[in-house]
Amino acid sequence: MRDTLLIALFALLGATGAGLLGALVLLLIRRRSLVASLTVVAAVAVTAMLAGTLAVAQAMFLSAHDLTVVTTVVAMAAVVSLATALLLGRWVVARSRALALAARSFGDGGAYSAPAGPSTAELSALSRELEMTSSKLAESRDRERALESSRRELVAWISHDLRTPLAGLRAMAEALEDGMAADPGRYLRQIRTEVERLNGMVGDLFELSRIHAGTLTLSLSRMSLYDLIGDALAGAYPLASENGVRLVGDHVEPVPVEVDGKEMSRVLGNLLVNAIRRTPADGTVAVAAERRPEGVVLSVTDSCGGIPDEDLPRVFDTGWRGTHARTPPAGAGLGLAIVRGIVEAHRGHATVRNVTGGCRFEVILPLADI
């Protein structure tokens with residue numbers, strides 16, 4: 001028993017010395033190639049075995065012939081181990097380089113394509129992660145391009161819409177200043193109308209900036225959709241009468257919701273104004289609200305004749321107007337974008353689809369807790 005313990009002790013001391021030496025070498029070459037690291041690991045394993053064997057051999061006083069045999073066997077094992085480590089290291093490094101080249105392709109704006117051929121489990125897992133990251137980056141780039149295009153269009157449209165009333169205001173102000181206005185009262189009324197229009201445009205821009213910045217703060221309270229829609233219809237009635245449009249709100253269930261009353265009134269107001277302006281005279285704009293399994297559905301249906309299918313995905317985009325006209329009724333193209341932003345802040349979503357004779361905007365909100 002004592003001899004066995006001594007043999008184990010000598011073997012442990014020899015292997016530990018080789019292991020510490022290998023750890024020091026690995027520390028020094030930690031920034032070098034993986035091939036070098038694998039070679040050192042293989043060398044440490046063989047050296048540790050050789051050191052332990054030699055230590056035991058010396059303690060056991062083996063003959064010179066026996067010691068030579070043991071040393072030869074260990075040396076052959078070392079050669080095979082080092083050769084295997086070099087081959088394995090070169091294969092792993094080749095796969096790593098192929099993976100690095102593939103990763104560089106999607107880093108430069110392309111799509112990631114996994115290298116062909118087998119690889120280790122770790123490299124395969126890394127390749128899958130890179131593939132998912134590439135997909136997310138592609139989606140992000142597409143969103144960024146769409147947002148950038150939307151921003152450019154919005155700046156161009158807003159610049160045009162601001163320039164037109166400002167030019168009119170300047171002309172009317174100069175006419176009043178020079179005493180050239182035949183009817184100053186009419187000029188003053190027109191100036192006030194244009195100022196109110198500009199004020200509304202600036203208000204929409206401020207609201208949209210809060211939505212995009214994520215700083216829109218909601219004050220939720222429990223209320224009935226019946227009351228909310230009733231107030232919105234009353235506010236939109238003068239515009240509907242002016243345009244000869246009938247407002248209908250007969251299918252409104254008194255469903256309770258937890259919303260910000262001010263912001264949701266703005267949603268309903270924007271939807272109604274949009275529907276009224278695009279509905280011809282003698283047309284109808286109908287508002288309905290009902291409870292469904294997916295939540296509370298509030299809908300505004302107009303008689304605009306429908307929206308082209310290719311434009312449906314863009315209806316809620318910032319700056320979309322559905323017309324190339326730059327006339328005031330077309331608006332600044334911010335109303336529906338504000339609708340979507342406010343509804344999503346309420347954890348809901350807004351949709352649009354064509355129906356017979358027009359289109360239907362639907363706002364789906366979560367059900368209030370009973």
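Helices (H or I, at least four residues) and strands (E, at least two) are DSSP runs, numbered from the N terminus.

**View 1. The whole chain, to get your bearings.** This is a predicted model, in which local features need pLDDT of at least 70 and side-chain atom pairs count only at pLDDT 80 or more, while totals for chains, interfaces and linings use all residues. Residues are numbered from 1 along each chain as its sequence is written, and side-chain values use heavy atoms, with hydrogens and water left out. You will find eight helices and seven strands in the protein chain. Of its 370 residues, 31% count as buried (under 20% relative accessible area, with exposed over 50% and partly exposed in between; 1.4 Å probe, protein chains only). The chain exposes about 22000 Å², and carbon and sulfur atoms supply 61% of that area (Shrake-Rupley method with a 1.4 Å probe; for residues, only the protein chains shown count as cover). Among contacts (heavy atoms within 4.5 Å) with a separation of 6 or more, 70% join residues 24 or more positions apart.

**View 2. An open sheet of five strands.** Follow the strands in the order S2-S4-S5-S7-S6, and note that the pairing is mixed (two strands pair if DSSP finds at least two bridges between them). At the edges, S2 (246-252) and S6 (349-355) each pair on one side only. Neighbouring strands are turned by 20° against each other on average, direction ignored (angles run from 0 to 180 degrees between N-to-C directions, and axes are lines fitted to C-alpha atoms, for helices over the stretch in contact). In a regular strand the side chains alternate between the two faces of the sheet.

View 3. S2 and S4 (residues 284-292) run parallel and are joined by five bridges.

**View 4. S7 and its two partners.** Seven of the eight residues of S7 are buried, so this strand is mostly covered. On one pairing, S5 and S7 are antiparallel over six bridges, and leucine 298 has valine 363 in S7 as its bridge partner. S6 and S7 are also antiparallel, over seven bridges, with valine 352 opposite phenylalanine 361 in S7. The hairpin of S6 and S7 has two residues between the strands, and glycine 357 there takes a positive phi near 85°.

**View 5. H7 across the sheet and against H8.** Helix H7 (residues 261-278) lies across S2, S4, S5 and S7 (358-365), running at about 175° to S7. The axes of H7 and H8 come within 9 Å and cross at roughly 145°. Residues from H7 in this contact include Arg266, Val267 and Leu271, and those from H8 include Leu336, Val339 and Val343. By class, the contact has seven nonpolar, three polar and two charged residues (Ala, Val, Leu, Ile, Met, Phe, Trp, Tyr, Cys and Pro count as nonpolar, Asp, Glu, Lys and Arg as charged, and the others, Gly among them, as polar).

**View 6. H5 beside H8.** Helix H5 (residues 184-213) and helix H8 (residues 335-345) pack at an angle of about 35°, with their axes 10 Å apart. Here Asp204, Glu207, Leu208 and Ile211 in H5 meet Ala337, Ile338, Gly341 and Ile342 in H8.
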